[in-house]
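I opened this model to look up its strands, its chain contact and its salt bridges. My entries follow in the order I made them.

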Amino acid sequence: MASLRCFLRSGKNAVSAALRREFHRTQPAAVQVTVRDALNQAMDEELERDERVFLLGEEVAQYDGAYKISRGLWKKYGDKRIIDTPITEMGFAGIAVGAAMAGLRPICEFMTFNFSMQAIDQVINSAAKTYYMSAGFQSVPIVFRGPNGASAGVAAQHSQCFAAWYGHCPGLKVVSPWSAEDAKGLLKSAIRDDNPVVFLENELMYGVAFDMSEESQSKDFLIPFGKAKIERPGNHITVVSHSRMVTLCLDAAAVLAKEGIECEVINMRTIRPLDTETIETSIMKTNHLITVEGGWPQFGVGAEVLARIMEGPAFNFLDAPAVRVTGVDIPMPYAKILEDNSIPQIKDIIFSIKKTLNV
Amino acid sequence: MRKMLTIISNVLRGSASRNGARVVVSARTYADFTPQATFDIKKCDLHKLEEGPPLQSTLTREEGLQYYRTMQTIRRMELKADQLYKQKIIRGFCHLYDGQEACAVGIEGGINLSDHLITAYRAHGYTLTRGGTVREIMAELTGRRGGIAKGKGGSMHMYTKHFYGGNGIVGAQVPLGAGVALACKYQGNNELCVCLYGDGAANQGQIFETYNMASLWKLPCIFICENNKYGMGTSVERASASTDYYKRGDFIPGLRVDGMDVLCVREATKFAADHCRSGKGPILMELQTYRYHGHSMSDPGVSYRTREEIQEVRSKSDPISLLKDRMLSNNMASVEELKEIDVEVRKEIEDGAQFSTTDPEPPLDDLCNHIFYNNPPLEVRGTNPWTKLKSVS
C-alpha cells in the first residue's frame, strides 16, 4: 500500500500519462500526447513523407530506441531506413553527415548529447561550416537529436547541457523544445530544414503529456525556428527559459500569482537563432528580466540573453539588473539530495524573481 | 613519302604555333603512331584477396596523352602555387601535390565522373581531376571572387560536383566518404565513393570505426591510403606500429599499389571499383607514392628526409617521366608533341596565375552569406552591437 502511494506520488505525471495513453481518444479536439509520442509521430510522418529521410543511431531500430522515441519505426520502415549503429559516435556521425552531403536527409540520434562530444568535430567542422566554406555549393540537411541536460541520478558524465556549446556556432540551428507540440512541430521543421539542426530533447520530459491542439495533429504542422512562445502572459517580470525549466517557471508563476505577482513566462523554443525581439517586447512591458536554465552559468544561454538585452533597446526599460538562474557551477553529483540542489528548483526561481522585483 | 609527310606536318605545325591554334597532326598520327600498347605493371601485394588486378595494362594513345596532360597540369599548377606562396600572394596553408600526380589521375582513370570522391587537404590535384578548372583553383588559393569557393574556402576547402573537398581535419573525411557511399547504396545508383587519406591519418580511430560500419553494411567504398612515407615530419616507421597500410582494414580486403605508375593505379582502381559495384562491400588500396615538397609551404621538407632521397625519387620514379618514357619508347607520341602539350599547359597555368592575381577579392557584402541553404535572409551580428550584417543563402 505504501509502495503504491509512493509510486503514485513520484510517478504522477508518468502514471497519468500512461493511463491516458491507454485511451485512444479519437475526438477532433485537443488530445493528450506525451513528448515521446509527439517525437515519434514527427519522425513517422516525415519518414513517410520523404523517402530520403532515415534514422540512425544506437539501439534506434530493434530496441525501439534507448528511450523508446523510435518505437515501432523499424517494424514499419525496415533496415534501410532505421539503422542500428555500433557504439562509434565519431564514425556514425561522420557517416550521417556524408550521407546528407550526397543527397539523403539523415536523423542522427545521440543516445544522449554527452556522447556527441565524441563526434563534435563532425557536427561543427563537417556539418555546420561546410555550406559557408563551399560558398553555397554543398549543403548538409541533417538533424542531430537526442536527450540533453540533467536527468535523474545519472551523475556527472551523463548530465551536461550542450545548449550553449552548440548555440555558440554559426552554421547550426539549435532547437530546444519543451511541450509535446514544441517537440512535434520543431522536429518536423528540423527534418524539413536543409541545414544542420541540433535538436536538444530532455529525458525527463519524454513521459510528460500535454494537450495537443487539433491544428498540431495535422501532418503538416510545423513550428518555425527563431520564434519564442509566451506560455503565460504577465505584467511584472519577464521569465525566459527553455526545455524542462519552462515547467518550473510556470509552477513558480502559479505560486507567485497567489501573491499578486504576474510573471510573463517565455519559452525560447530556439536557442539559435535566438528570438531577441519577443524578449525585448516583453521587457518593455514588464521592466524586469530573469532567465532560467538547467545548464552551467558561465558562458551559458542566460549569459547570451542578458548580453543581448544590454546591447539593445530594452536595456533602458529595465528597472533592475537582469539576472540568471542556472545550474550550480559543478559537475553533477549522484546522491539525490546533492543532485536536487545542483539544478534550479521552484523556490530558487521564486527567490530570484522576488529579489529582482525587490519584494 | 615519309620525308614529304614530315615536311608537310612541320609546315602545318609551324603555322599553327604562329596562330596559337591547336593543330591535329593527322598525317603523322595515322601513319606513324602506335594507337595503343600493352604494358607490364607491378604486381600488387594482396590482403584477403585471392587474386588482384591484372599484371598488364593497355593504354591507348588518347588516354596516354590525356593522362600526360593532366599530370603535367597538376605538376605545373602546384609549382606555380609554390611561387605565388613565396611571393605572399597565397597565404595560410598550402599543401602541394607534386610527385603524387599518378594517384589522382590513375584513380580518375578507374572510375567515372558520376562516382564520388573525397580527400583530405592535399586536394588541388583532385579538384582538377574531378572537374575544377585551373583558373578557379588558383583564384581560390589567392582568395579571389572567381575562386571555386568564391574565395571563402581556400586551399583546403574546394568542392565540385561529386567531390566533397578538401577537408582540414585529419581523418574526418573518411567517415564522410562512407556516408556518401551509404547514400549511393541507399539510392541504388550503382555509384561508389573513393575515400582518400594519408599515412598520417591511417592511425585515426574514426577510420577504424568507418572500416567497421562500411564492412558491416557493405558500403560501396574504396578506401585509399596515399602513403607518401611522411605524416608531416614523422616518417611512417615512427608513427605506425604496422606500416602495412593495406592490411590495416583487417577484415577488409586490401592491395598495395605502386602509386608512381599511373597505369598501376588505374588498374587497381578498376579492380577495386568492380569489387564495390558487385556488392561485395568496401576494399582498401594503399598507394605508395611520394611528395617532392614538404608537408606544406611552411615545411622545407628536408629536416626529416635527405635531399638525396628526394632526388632519387625524382630521377627514378617520377610519374610523369615514367609515362613519357613509356609512350615515347613505344612510339605512341613524339617528343615534339609532348613538348607542345607542355607549352599549352604552361600557358594555361600562366593564364590561371594571371587571373588569380588580377581577379578582385570577394566583395565585403559577401562576408555573411552562405550560412544556411534555402533560408530567408537573416541578420548577422557584426563585430559590435551596432553593426548588423545581412546574410542570404
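Entry: I count a salt bridge when a side-chain nitrogen of Lys or Arg is within 4 Å of a carboxyl oxygen of Asp or Glu. The model is predicted, so I noted the limits: local features need pLDDT of at least 70, side-chain atom pairs count only at pLDDT 80 or more, and totals for chains, interfaces and linings use all residues. Residues are numbered from 1 along each chain as its sequence is written, chains are lettered from A and ligands numbered from 1 in the order in which they are written, and side-chain values use heavy atoms, with hydrogens and water left out.

I looked up B:Asp366 next. B:Asp366 forms a salt bridge with B:Lys152, with 3.8 Å between the closest N and O atoms. Helices (H or I, at least four residues) and strands (E, at least two) are DSSP runs, numbered from the N terminus. B:Asp366 sits in the loop between α13 (335-358) and β11 (378-381) of chain B, and B:Lys152 in the loop between α6 (134-141) and α7 (173-187) of chain B, so the pair ties together parts that are 214 residues apart in sequence. Both B:Asp366 and B:Lys152 are buried. I use buried for under 20% relative accessible area, exposed for over 50%, and partly exposed for in between (1.4 Å probe, protein chains only).

I then checked B:Asp82. B:Asp82 forms a salt bridge with B:Lys86, the closest N and O atoms being 3.1 Å apart. They are 4 residues apart in helix α3 (residues 61-86) of chain B, so about one helical turn separates them. B:Asp82 is buried at a relative accessible area of 10%. B:Lys86 is exposed at 61%.

**Entry: salt bridges in chain A.** I searched the whole structure and found 44 salt bridges over all chains. One of them joins the side chains of A:Arg269 and A:Asp182, at 2.6 Å from N to O. A:Arg269 lies in the loop between β11 (263-267) and β12 (270-272) of chain A, and A:Asp182 in helix α9 (residues 180-192) of chain A, so the pair ties together parts 87 residues apart in sequence. Is A:Asp182 buried or exposed? A:Asp182 is buried, because its relative accessibility is 0%. A:Arg269 counts as buried too, at 10%.

**Entry: the contact of chains A and B.** I took contact to mean heavy atoms within 4.5 Å. Chain A brings 44 residues to it and chain B 37 residues. The two chains bury about 3500 Å² between them, 67% of it on carbon and sulfur atoms. Buried area is the accessible area (1.4 Å probe) that two parts lose on being put together, summed over both. In chain A, A:Ile95, A:Tyr132 and A:Met133 lose the most area to chain B, together 19% of what that side buries.

How many salt bridges are there between chain A and chain B? The count is 1. The side chains of A:Glu311 and B:Arg381 meet in a salt bridge at 2.4 Å, N to O.

**Entry: strand β13 of chain A.** I followed the side chains of β13(A), residues 289-292. A:Leu289 and A:Thr291 point one way, A:Ile290 and A:Val292 the other, and all are buried. I count two strands as paired if DSSP finds at least two bridges between them. Strand β10 (residues 237-241) of chain A pairs with β13(A) in the parallel sense over 4 bridges. Strand β14 (residues 323-325) of chain A also runs parallel to β13(A), joined by 3 bridges. A:Ile290 stands opposite A:Val239, and its bridge partner in β14(A) is A:Val323.

Entry: B:Leu128 is in helix α5 (residues 124-129) of chain B. B:Leu128 counts as buried at 13% relative accessibility. Beyond its neighbours within four places in sequence, its contacts include B:Thr70, B:Thr73 and B:Ile137. B:Thr73 is 55 residues from B:Leu128 in sequence, yet 8.9 Å away in space, C-alpha to C-alpha.

I found a cis peptide bond between A:Arg272 and A:Pro273, with omega about 5°. A:Pro273 is in the loop between β12 and α11 (276-286) of chain A. B:Lys48 has phi near 55°, a positive value in a residue other than glycine. B:Lys48 is exposed, with a relative accessible area of 55%.
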